[in-house]
Amino acid sequence: MRYTQYLLPTLKETPGDAEVVSHQLMLRAGMIRKVAAGIYDYLPLGLRVIRKVESIIREEMNRAGAIEVLMPAVNPAELWEQSGRWQQYGKELLRFKDRKETAFCIGPTHEEVVTEIVRGTVRSYRQLPLNLYQIQTKFRDEIRPRFGLMRGREFIMKDAYSFDLDDAGADISYEKMYQAYRRIFTRCGLKFRAVEADTGNIGGSFSHEFMVLADSGEDAIVSCNSCEYAANVEKAEIRVTDAESAAPTASLTLISTPDCKTIDEVSSFLKVDPAATVKTLIVQTESGETLAVLLRGDRELNLIKLCRLLGCDDIELAADEVVQRVTGAPSGFAGPVGLQLRLLADREVASLSDFVVGANAVDAHYTGANCGRDFQVEQFADLREAEAGDACPRCTGHLEIWRGIEVGHVFKLGTKYSQAMGATVLDNQGQERTPVMGCYGIGVGRTAAAAIEQNHDANGIIWPMPLAPFQLIITMLNPKDQSVAEASEKLYAELVALGVEVLLDDRDERPGSKFKDAELLGIPLRVTVGARGLKEQNFELQDRRSGETSPLSVKGAAVSLQQMIGDALQVKG
């Protein structure tokens, strides 16, 4: 492709509304263009990257035995009503009516439609297992779209859905997709972790998120420094030693703590370590129940773990007026002694003794508090957020904290949709069975954006070779110099003949401007053709990632470059 004949509207300045690196660089590199909030054009360079991601996905999905289909973006409300999600999904579901006043939505995901396909076409267990996938545009009416392709309203997604006769078969299908995803992101040249995750609004019993590691990631994840255990911080388990608390040595003593409400203020005033305090959090469930949760003072409550323990969908910290009513004191002084509420506690609290707690009175705390003697805990459980240095729940290693960008998610759905929508097959005994489902999604545009978040420098993008829009750029220093133009054209033609994806910068621009654009675009290899080098029968080769330059003999240059690119593409999942 010739630069002068290509639509590549690069920008020198960063647009003011672009907050994250990928959004900034995709706009500056002429990859995308904003049409409306959260909705973008994919310009030629951006579309080439999207197609690279899609190609890798298709190859690995087909390799895993999935079958490609294409389902409609417009879904009838009837199907969503059958699953029960028409009212449940919320305002992110874009609903509308056609001229006949029939209700529809733009599909944000396609569990209903794919279940309807199977319900109408699959009759026998002999047709299972079945995995159907598509790569298609979705729409979710995000309340605050931002970060370019990272959190748009319209986006390209690969979604797959597996159907099996039983749970054992569903486990096999899940594992196939899990391994396919590992191969996909490995082949994309990305550093990632597959982490255990909460199933969220999709539902189901088990899931993994695939996180590209990047400092700008919205999600905190933990991974072990010794084994492959990794989890979203909301899901991360914590191994607690079985050490019992020491016997009480102090009596329960009421202490005045004027103007001390926070753990830091109390521990500083009493000259104790925050780890020697226990905070009492008053929470309320969606049903209105109020209860208290105890954690070591330097720990944070994990609300998702608490929801899972209580079997509820939502829980939140109680408002100040509720705290005042149930404890008799303002927020900041709650404590377990004499508190007439259900008491739950993080397992770590069971190993503590002689600790500091609130006294349910203004400017007052107790020292020398002990579980069992001074108050009774109804249940101990893993209720806190994981932190760096915590013991791994799977081995003797320790957890590390990373930032991650979610690019893929695999779920075990069970029969949530197949049962609700009446999808059945006959087993080998002629009995009707409800298929067990799984669903598996990858954000295609988000994967491209995450690759930039992980691979960039101050000058621009640094594409991994498998995702690069072009594998090589030829920078023609002076198109008006006949020898330079002829050598550039000859190399370009040879590379194209060898199947190399090459961009020929044939613009009549200053060399410095061309170099800056090449760095911004992030094309992995740059070959500079100049009169000085040609006198010595050399081109200059630069590696975008390392910045290293080296002479490249004009003779056999095309074959040498083809080999370099081939070696760089040998990233197998």
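**Figure 1. Two cavities of 30 Å³ or more are counted in the model.** A cavity is a set of points, on a 1 Å grid over the protein atoms alone, where a 1.4 Å probe fits but cannot get out. Grid points are joined across faces, edges and corners, and a volume is the space filled by probe spheres set on the points. The model is predicted: local features need pLDDT of at least 70 and side-chain atom pairs count only at pLDDT 80 or more, while totals for chains, interfaces and linings use all residues. Residues are numbered from 1 along each chain as its sequence is written, and side-chain values use heavy atoms, with hydrogens and water left out. The largest cavity holds about 40 Å³ of space. Its lining (residues with an atom within 4 Å of a point) consists of I473, A518, E519, I523, P524, L525, R526, Q542 and R544. Helix α13 (511-521) and strand β29 (525-529) each supply at least two residues of this lining; helices (H or I, at least four residues) and strands (E, at least two) are DSSP runs, numbered from the N terminus.

**Figure 2. D543 lies in strand β30 (residues 538-543).** With 29% relative accessibility, D543 counts as partly exposed, that is, between buried (under 20% relative accessible area) and exposed (over 50%), for a 1.4 Å probe and protein chains only. Leaving aside neighbours within four places in sequence, D543 is in contact (heavy atoms within 4.5 Å) with P524, L525 and E548. Two of these contact residues, P524 and L525, also line the largest cavity. From D543 to Q570, 27 residues apart in sequence, the C-alpha to C-alpha distance is 17 Å.

**Figure 3. The second largest pocket has a volume of about 390 Å³.** A pocket is an open set of grid points with protein on both sides within 12 Å along at least five of seven lines. The lining of the second largest pocket comprises 21 residues, of which K261, T280, L281, G332 and F333 lie nearest the centre. At least two lining residues come from each of α7 (263-270), β14 and β18 (355-358). The greatest contribution is that of β14, with five residues.

**Figure 4. Five strands form an open sheet in the order β16-β14-β15-β17-β20, with mixed pairing.** Two strands pair if DSSP finds at least two bridges between them. The edge strands, β16 (315-317) and β20 (379-381), each pair on one side only. On average, neighbouring strands of this sheet are turned by 35° against each other, direction ignored. Axes are lines fitted to C-alpha atoms, for helices over the stretch in contact, and angles run from 0 to 180 degrees between N-to-C directions. Seven bridges join β14 and β15 in the antiparallel sense, and among the bridge partners are V283 and, in β15, L291. Helix α8 (residues 303-310) packs on the sheet, where it touches β14, β15, β16, β17 (343-346) and β20. The direction of α8 makes about 130° with that of β16.

**Figure 5. Helix α9 lies across β14 and β15, running at about 110° to β14.** Within α9 (residues 320-327), V322, V323 and T327 are buried. These three residues cover an arc of only 105° around the axis, which puts them on the same side of α9; the arc is that of the directions from the helix axis to the C-beta atoms. The exposed residues E321 and R325 are on the other side of α9. The buried residues of α9 pack against β14 (278-285) and β15 (290-296). After α9 comes G328, with a positive phi near 85°.

**Figure 6. Strand β8 (residues 154-164) is largely enclosed by the rest of the structure, because 10 of its 11 residues are buried.** Strand β7 (residues 130-139) runs antiparallel to β8 and is joined to β8 by 10 bridges. Strand β24 (residues 436-443) also runs antiparallel to β8, with eight bridges between them. K158 in β8 is the bridge partner of I135, and K158 stands opposite I442 in β24.

**Figure 7. C105 is found in strand β6 (residues 103-106).** C105 counts as buried, with a relative accessibility of 0%. Its contacts, leaving aside neighbours within four places in sequence, are A73, V74, N75, W80, W86, L93, L94, R95 and F96. A73 and C105 are 32 residues apart along the chain, and their C-alpha atoms are separated by 8.3 Å.
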